[in-house]
Amino acid sequence: MFKNYIKTAYRSLKKNKGFTIINIMGLALGLCVCMLIIFYVIDELGYDKYNTKADRIYRVNNDIKFGGNANSYAVAAAPFAAACINDFPEVENVVRFRDRGHFKVRKGDENVLEHEFLYSDPQVFDVFTLPMLHGDPKTALKNPKSVVITESIAKKYFNTDDAVGKSLTLNDTLFYKVTGVIKDMPKQSHFTADFFLSMEDLEESKENSWLSNNFNTYILLKKGANVERLKAKFPAMSRKYLGGQLQTAMHMSYDDFEKAGNYFRIGLTPLADIHLHSNLQAELSGNGNIQYVYMFSAIAIFILLIACINFMNLSTARSANRAREVGVRKVLGSPRKYLIAQFLAESLIVTFVATVIAVIGARLLLPLFNQMADKQLTFTAATFIWLAPALLVTIVVIGCLAGSYPAFFLSAFNPVDVLKGKLASGFKGGYLRSFLVVFQFSISIFLIIGTLVIYHQLQYIQSKDIGYNREQVLVINNVDALGNQATVLKEELKRLPDVVNTTMTGYVPTNGWRNSTTFFQDATLDTKKAIASQIWSVDEDYINTMGMKILAGRNFSKEMKTDSSAIIINEAAVKLLGIANPVDKELFYPLDHLGKKLKRIRIIGVIKDFNFNSLRENVSPLMLSLEESRGSIAIRIKPANATALLAQVKQKWHSVAPNEQFDYSFVNEDFEHTYRTEQRMGNVFVVFTTMAIVIACLGLFGLAAYAAEQRTKEIGIRKVLGANVSLIVAMLSKDFIKLVLISIVIASPLAWLSMQQWLKGFAYRDSIQWWVIVVAGTGAIIIAFITISFQSIKAALANPVNSLKSE
C-alpha cells in the first residue's frame with residue numbers, strides 16, 4: 001500500500017511539473033537560508049561555552065560617574081582580586097588580565113610583530129579551560145619572565161609543540177622562558193591570546209590603588225554560591241577600600257563623593273553573556289550584538305514562513321482542480337483515510353526533496369556565507385548529530401501542514417456534489433490564500449525597509465563630518481620599536497615631496513591608544529569642579545596633520561617653552577567645565593593616587609569636537625598635551641600617487657630599522673573597520689531580503705498561473721467580445737496588487753518602529769526618511785506586477801479558439 005502511495009504521488013507531481021518545481025525550489029531556498037542563519041545563531045550563542053566552569057565564572061565591571069562623566073568599564077582595580085579572595089567566602093578563585101598590545105618577537109635575524117599578548121595571573125588555568133599540552137598549569141606563570149604560548153606559536157617559532165624550556169626575545173631586551181604550551185584557543189571565545197605573560201613582570205599589578213582600574217578581572221564562584229548575595233556586598237567593599245584613598249588623594253569622604261553626584265558601582269557579568277550582551281569600555285576584544293542574533297533569528301523564521309506559505313498556497317490552489325479526482329476515487333470505494341494518506345504522501349515527498357536540495361545548497365553556500373558574516377562555520381559530523389533529527393522533524397511538520405488542507409478538507413467532500421461541479425474554484429473566494437499572500441509580502445516589505453534603513457545609516461556615518469579629515473592619512477605602527485630613531489624617521493618622511501605633514505603619537509583617532517585622568521579647576525581638588533577626560537600626548541604637528549580645526553586660542557609651538565605645561569581641549573570639555581572662554585584658564589591634576597603631587601596646566605586652545613570613539617557614542621571630553629609619544633607616525637599625503645609613496649616610506653623605514661617589520665594602515669580604512677559589523681550585517685540583510693522576495697515571487701508566480709488557468713474560458717470570451725491585452729492583464733493583476741497594497745499598509749509602520757529602535761543604538765543617526773517607505777512599497781508593487789504580468793500576458797495573448805473549442 002505504501003509503495004502505491006509513493007507511485008501515485010510521483011505520477012501526480014510529474015503531471016504538474018510547473019507547480020512541483022516552484023514548490024520544491026521555493027521551499028528549498030527557504031530551508032537553505034534558514035539553515036545558514038541557524039548555523040550563525042548557534043555559533044554566536046556558543047561563545048565561551050567551551051569552559052567547563054562557565055556557569056560559575058563572572059567578569060567584574062565598574063560603573064563610574066565622576067567629574068561629570070558616566071562610563072562603564074570591563075576592568076577593575078589591581079587590588080580587587082586579592083580583596084575578593086580575602087573578604088568573600090563565596091569566591092573560589094580570581095584571575096586578572098592586562099592587555100598591553102603588541103610586542104616584537106625575535107625569529108632568526110628579524111623581529112615579527114605579534115598582537116595577541118596578555119599579562120595573566122597564574123590562576124588562569126584553574127579558572128578557564130585551556131588544556132596544557134606541555135608544562136605544569138599550576139606553576140607555569142608563577143615566576144617572572146615566564147610565558148605560556150599556544151601550540152601554533154610554538155610551531156611557528158620553534159618548529160615543535162614541545163617548546164617548554166626554550167627562550168623568546170621580546171622587544172629586543174626582554175627575555176622570556178617558555179613554561180607551558182596550550183592548545184590554540186577556540187574561536188568561540190570573547191578574548192584570544194597567543195602569549196600569556198607572567199603578571200609578576202607588571203609593576204602596576206602590585207599597586208594598591210583603587211582609583212585606577214586597568215585589569216580585566218574574572219571571578220570563579222564556589223559551587224552553590226549565590227551570586228546575588230555576593231553582588232550585594234560590593235557597595236560595602238567600595239566604601240571600605242575606595243573611601244580611604246578618596247580621603248587621602250582628594251580630601252573628601254566617600255559620603256561627600258556620593259553627595260556630589262558621583263558613584264562607583266561594582267557589577268558582574270556572567271561569562272556566557274559577555275560576547276552578546278557586553279559593550280563596555282576596555283573590553284578585551286570586540287564583542288557581538290544580541291540585536292543581530294534576534295534580527296537574524298526573526299529573518300530565518302520569516303523566510304521559512306514565506307516558503308511554507310508558498311507551499312500551502314499552491315497546494316490549496318491545486319486542490320480545487322483535484323476535487324473531481326477525489327469524487328471519482330470515493331465513488332469507486334476509496335476510504336477517506338487512504339485519500340488523506342495519498343495527499344500527505346505527495347506533500348512529504350515534495351518536502352523531502354526540497355530538504356535534500358536545501359542541505360546541499362547550504363553546504364555549497366557556507367564558504368560564501370562565512371565570508372559575508374566573518375565566520376568560520378563548517379559542516380562536521382557533530383553538525384549532523386543535531387541537524388538530521390531537526391530536518392526530519394521539519395519534513396514531517398511542513399509536509400503535514402502543507403498537505404493538511406487537501407488531505408482533510410477535500411477528502412471530506414460529498415462525491416455527488418463534486419461530480420456535479422458544485423465545488424467553488426478560482427482565486428476569488430480564496431480568503432486563506434489572500435491572507436497568506438498578504439502575510440508573506442508584509443514580511444518582504446518589512447525586510448526591504450529594514451535593509452534600506454541600515455544602508456542609509458551606514459551612508460550617513462560615511463558622510464558625516466567627524467571633526468577631522470580621515471582621507472589620505474597613512475599611519476605607520478610599531479614606531480616605539482625604533483627608540484630615538486623614531487624622531488629621525490619622522491623628519492625624513494616629512495621631507496618626501498608627496499608628504500604634506502607628519503606627526504608622531506600613539507593617540508590616533510582610529511585604533512589608537514587611550515588614556516584618561518581627572519582634572520580639577522583649583523588646587524584644593526574640589527570634586528564639584530572636577531572633570532574626567534581623555535588626555536593624549538601629541539606633538540605640534542598633530543592638529544594640522546589630522547586636519548582638525550582650532551576654534552579658539554592657538555596650536556602648540558616648539559618655540560614656546562611653556563607649552564610643555566599647556567593643553568588644548570575640545571568642545572565637550574569646555575561644556576563640562578562650564579566656562580565661556582576657557583583659553584588661559586588653569587587646571588590641576590594629581591600625579592599620584594595620593595594627591596600629594598599636583599601639576600598645573602594652562603589651556604591655550606579649543607579644538608572642534610572630533611569622534612574618536614564609535615558614532616554609537618557621544619564625543620567625550622578630550623585634552624591634548626605636548627609630550628613625546630612614539631606609538632605611531634601619521635602621514636598626510638598628497639592624493640597623486642599613494643602606491644609609489646608607500647614604497648618610499650617602506651624604504652625609509654627599513655633604512656632606519658632593517659630588522660623591524662613594517663606595519664601600516666590608512667585612517668579611513670581603520671574608520672570603516674569600526675563599522676565593519678554593520679556593513680557585514682547590511683550585506684547579509686540585502687542577500688536575505690532578496691531571498692525572501694524571490695521566494696514570495698515564486699509563490700505569486702504560481703498563484704498567478706493558477707488564476708489564469710482557472711479563468712481561461714472567461715479570458716477567451718472577453719477577447720471574443722473585444723477586450724484587448726492590457727485590459728485582460730489589468731483584470732488578472734488587480735486582485736494580487738490589492739493584496740500587495742494591503743501588505744504595504746501593514747508592514748510600513750511595523751518596520752518603522754523596529755528600525756527606530758535599532759537606530760537608538762547610535763548617538764549620531766539620521767531619521768528614517770519618507771522616501772524609504774515609498775521606495776520599498778513601489779519596489780514591492782513593481783516586483784509583484786512583473787511576476788504576475790508574465791502569466792497574465794501569456795494568458796491574454798492565447799488564442800481564444802483553443803480555450804472555447806470544447807464548448
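**Strands, helices and ring contacts in the predicted model**

Four bridges connect strand S15 (residues 473–476) with strand S24 (residues 633–637), and the two run antiparallel. One of the residues involved is valine 475, whose bridge partner in S24 is alanine 634. Everything described here comes from a predicted model. Zooming out from that pairing, S15 and S24 belong to an open sheet of four strands, in the order S16-S24-S15-S25, with antiparallel pairing. Strand S16 (499–504) and strand S25 (664–666) sit at the edges, each pairing on one side only. From one strand to the next, the twist averages 20 degrees.

Two helices lie across this sheet. Helix H16 (residues 485–494) covers S15, S16 and S24, and runs at about 165 degrees to S16. Helix H20 (residues 667–674) lies across S15 and S25 instead, with an angle of about 75 degrees to S25. There is also a charge-over-ring contact to report: arginine 470 places its charged end over the ring of phenylalanine 671, 4.0 Å from the ring centre.

As for neighbours, S9 pairs with strand S11 (residues 174–182) in the parallel sense over five bridges, and with strand S12 (residues 195–198) in the antiparallel sense over three bridges. Valine 147 takes part in both pairings: its bridge partner is valine 178 in S11 and leucine 197 in S12.

On to the aromatics. Searching the whole structure turns up 31 aromatic pairs. Take phenylalanine 88 and phenylalanine 234: their ring centres are 5.8 Å apart and their planes stand at 70 degrees, which is over the 60 needed, so this pair counts as edge-to-face. Phenylalanine 88 belongs to the loop between helix H3 (80–87) and strand S4 (91–98), while phenylalanine 234 is in helix H7 (residues 234–250), so the contact ties together parts that are 146 residues apart in sequence. Both phenylalanine 88 and phenylalanine 234 are buried.

Phenylalanine 296 and phenylalanine 688 make another edge-to-face pair, at 6.0 Å centre to centre with 80 degrees between the planes. Here phenylalanine 296 comes from helix H10 (residues 290–321) and phenylalanine 688 from helix H21 (residues 676–710), so parts 392 residues apart in sequence are tied together. Phenylalanine 296 and phenylalanine 688 are both buried. Elsewhere, one aromatic cluster is formed by Phe97, Phe125, Phe128, Phe191, Phe196 and Tyr218. A lysine also gets involved with a ring: lysine 107 lies over the face of tyrosine 157, at 5.9 Å from the ring centre.

Last up is helix H12 (residues 336–373), which has a kink of about 45 degrees at leucine 366, shortly before proline 367. Just after H12 comes aspartate 374, which takes a positive phi of about 55 degrees.

Conventions:
Residues numbered from 1 in each chain as written. Predicted model: local features only at pLDDT ≥ 70, side-chain atom pairs only at ≥ 80, totals over all residues. Heavy atoms only, no water. Pairing = 2+ DSSP bridges. Axes fitted to C-alpha atoms, helices over the stretch in contact; angles between N-to-C directions. Contact = heavy atoms within 4.5 Å. Bend = angle between axes of the 7 residues up to and from the residue. Phe/Tyr/Trp six-rings, centres within 6.5 Å; stacked < 30°, edge-to-face > 60°. Buried < 20%, exposed > 50% of the residue type's maximum accessible area, 1.4 Å probe, protein only. Lys NZ or Arg CZ within 6 Å of the ring centre and 35° of its normal.
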